[in-house]
Amino acid sequence: MSTPLPPDKSTVQGLIMRGYTHPYSSHLLFRFSSKAAASQFIKALLPYLRSAENWGTNKPDKMLNIGLTFTGISIASSLTKTELNAFPNTFTTGPASQGSQGSLQDYGEGDPEKWLFGGLLTNGNPDPAKRVDAIVHSYAMHQNSLNELTDFIAKAATAAGVVELLPLDGGKGRLEQYQLPVDTIHFGYRDGISEPDLNWPETWPAPPVNTDPADLNNFLIGYPNSAFQPGPSNPATPNASAFAKDGCYNAFRVLYQDVNAFDKYLSDNAPVVAQTLGKSTEYAKEWLAAKLNGRWRNGSPLILSPDAPDPATADATNFSYTEDTKGLKCPFSAHTRVGNPRDEALFPAESPVPRLIRRGVPYGAPPVSDNDKGERGLIGLFLCGALASQFELIYSWINTNNFSPLFSPNFDTQDALLANRATPDMDTTFTIPIPGAAKPLVLPKLPQFIVARGTAYCLLPSIPTLKAIAEG
Amino acid sequence: MANPLTLYVPIKQDPLTQAAAQAAYESFVDSVKAGLDASNILHYARVALVPNPSGEGILGILLITTFDGEMNPYLKFFWQNEGTRKAFAGIAAIALNPPSPPVTDLTGFENFINENNLNKRSKDLYKGYTQSVLQIKAAFPPK
């Protein structure tokens, strides 16, 4: 086959192809009242819409990107019912649907009935008051600039008759980035170290399963030879395909992080870890934190730095799990090993390992006391070309570690950090193999460290598509 | 946790369609065995031909499966496997109300399966045991 041309970066929203490092961001949720209102609102935002083109040496002081949910597309676009039917079921039914909840497993406090946005009524139907049609991701270099930008966006919404949802502080607060040290999350880990390369394939082997899942054609809609086949791409619905081309899905998920439960788990288990290792309790805490995550808090992967964090490996992304078949360096259920098992042996139906583009930021201030139950966590942007076979597949692995023969014979453990512990029939202990020890260290019940506060599946449409909506 | 998929697709009444349904029924297990074996999530899958009320001819195809975990992330695998793709595409091709747009890719396949699944909730399923296919295979390896 001829080599497909790479996308024109001026048509792709910048958030997809590059990680912004703006220190200030806010993620505003909106509900459309009509097609005309959506059109007017998006048209007003176009001056700040950022493409993936290089911005040179000076970062833009203020810029934004726009995501649309399926309900948002249904209202804002001119697509017919048949064309709308061409979008993937996972996107059209949304993250609160039974199908998606089979993977996300949001039980208990994370139940979609308790979500701050995008959730359900107690009868299982979508809550109209929490419906999200659009998310505007706004970024700025300074707090004042962000304030100016969010004021501009809010006024544009009001002028168009578009309703803003304020999910935090009892309906008064936006999802705004908190200034933790760069690329750090509330549990103290550095984040965002390993991202897909987003290369354009040099060769286009067949079958598509042999392509590199980190390549850009697995994330952008409208290109061939992806094992995940981002859609819609049906020739029978060319308008839907054109609408979605050069777009990418965003699983927007706000995740509360229970910092006190996390710290308590480390403190409660440090004595037995210290005794097992013959080390101090302070070392034991950091060692346990690293075993839960697969990387030390500075970023060093356990595979390369099994005994202590090392600045030389803090940004390392080139390593393998194939030699660690007993989990002696990195436990099988460590978060980063579940979220990206790399070259680990997988069952055929799980291959190839899907990748996600992660553009999340922390929200909420750190706790000031052990009893501080303030709202804090991660504003998660998980970008993919196929919500079901990329995002939800990884989430299913997180809730049930059953994707590799390594988990034999029970296949019932969970991601040490992220899983929902109420997932039926799961073993919530945490097993840490110890080199030279007769038995692994098995720590008791993993707590619920993370709770879903809301989820919305969005399409980050191309710039031409957004301009077309703006023109009505 | 096991979940049900009950796919019911009414079919056209012309002789060619009726013959195709009969052929799909008779070749079902041979067609899908390799794919379903490799998936490691299928407990059972069976197909049945629902007769017309008159007793003559076939009203529709009924496919009943019980599988572990969630369905949608694994549809990619079933679409990429030739046997399962052909079996499902064959059913879609003879549907009385053909999928719109037609099934030509993974997205269309995902939509066809979900739209025709009569079981939307896991609580529709009685479970006589809680073990997964992987757990059962590990406990009872092939002799």
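Modeller: One cut-off to begin with: a residue counts as buried under 20% relative accessible area, as exposed over 50%, and as partly exposed in between. Keep in mind that this is a predicted model.

Colleague: Let me try that on a residue. Is Thr184(A) buried or exposed?
Modeller: Thr184(A) is buried, because its relative accessibility is 13%.

Colleague: Where is Thr184(A) in the chain?
Modeller: Thr184(A) sits in the loop between strand S5 (175-176) and helix H8 (238-244) of chain A.

Colleague: And what is Thr184(A) in contact with, leaving aside neighbours within four places in sequence?
Modeller: Its contacts are Tyr189(A), Arg190(A) and Pro362(A).

Colleague: Arg190(A), then. Which residue does Arg190(A) form a salt bridge with?
Modeller: The partner is Asp315(A), and the closest N and O atoms are 2.7 Å apart. Arg190(A) is in the loop between S5 and H8, while Asp315(A) is in the loop between helix H10 (281-293) and helix H11 (335-339) of chain A, so the pair ties together parts that are 125 residues apart in sequence.

Colleague: How do Arg190(A) and Asp315(A) come out on accessibility?
Modeller: Arg190(A) is partly exposed at 27% relative accessibility. Asp315(A) is exposed, with a relative accessible area of 52%.

Colleague: Back to the loop between S5 and H8. What about Ser226(A)?
Modeller: Ser226(A) also lies in that loop of chain A. With 2% relative accessibility, Ser226(A) counts as buried.

Colleague: What does Ser226(A) touch?
Modeller: Not counting residues up to four places away in sequence, Ser226(A) touches Pro208(A), Thr211(A), Asn217(A) and Asn218(A). The side chains of Ser226(A) and Asn218(A) are joined by a polar contact of 2.6 Å.

Colleague: How many salt bridges are there over all chains?
Modeller: The search of the whole structure gives 17.

Colleague: Which residues are linked in a network of salt bridges?
Modeller: Asp324(A), Arg337(A) and Glu344(A) are linked that way. Between Arg337(A) and Glu344(A), the closest N and O atoms are 2.5 Å apart. Arg337(A) is buried at 0% relative accessible area, and Glu344(A) is buried at 6%.

Colleague: What about Lys245(A)?
Modeller: Lys245(A) forms a salt bridge with Asp246(A), with the closest N and O atoms 3.8 Å apart. Lys245(A) is partly exposed at 33% relative accessibility, whereas Asp246(A), at 8%, is buried.

Colleague: Now a helix. Which residues of helix H2 are buried in chain A?
Modeller: In H2 (residues 35-45), the buried ones are Ala37(A), Ala38(A), Ser39(A), Phe41(A), Ile42(A) and Leu45(A).

Colleague: And what covers the buried residues of H2(A)?
Modeller: The cover includes strand S1 (24-31), strand S2 (62-68), strand S3 (134-140), helix H3 (70-76), helix H7 (143-160) and helix H13 (463-470) of chain A.

Colleague: What about chain B? How many residues take part in the contact?
Modeller: Chain A gives 42 residues and chain B gives 29 residues. The area buried between the two chains is about 2900 Å², with 51% of this from carbon and sulfur atoms. On the chain A side, Asn89(A), Gln229(A) and Ala349(A) lose the most area to chain B, together 19% of what that side buries.

Colleague: Which helices of chain A supply residues to the side that touches chain B?
Modeller: Helix H5 (89-93), helix H6 (98-104) and helix H12 (387-399) each supply at least two. H12(A) gives the largest share, six residues. By class, that side of chain A has 19 nonpolar, 19 polar and four charged residues.

Key
Residues are numbered from 1 along each chain as its sequence is written. Chains are lettered from A and ligands numbered from 1 in the order in which they are written. This is a predicted model: local features need pLDDT of at least 70, side-chain atom pairs count only at pLDDT 80 or more; totals for chains, interfaces and linings use all residues. Side-chain values use heavy atoms; hydrogens and water are left out. Contact means heavy atoms within 4.5 Å. Buried area is the accessible area (1.4 Å probe) that two parts lose on being put together, summed over both. Helices (H or I, at least four residues) and strands (E, at least two) are DSSP runs, numbered from the N terminus. Ala, Val, Leu, Ile, Met, Phe, Trp, Tyr, Cys and Pro count as nonpolar, Asp, Glu, Lys and Arg as charged, and the others, Gly among them, as polar. Buried means under 20% relative accessible area, exposed over 50%, partly exposed in between (1.4 Å probe, protein chains only). A polar contact is a pair of N or O atoms within 3.5 Å; within protein, one must be able to donate a hydrogen and the other to accept it, and residues adjacent in sequence count only if both atoms are side-chain atoms. A salt bridge is a side-chain nitrogen of Lys or Arg within 4 Å of a carboxyl oxygen of Asp or Glu.
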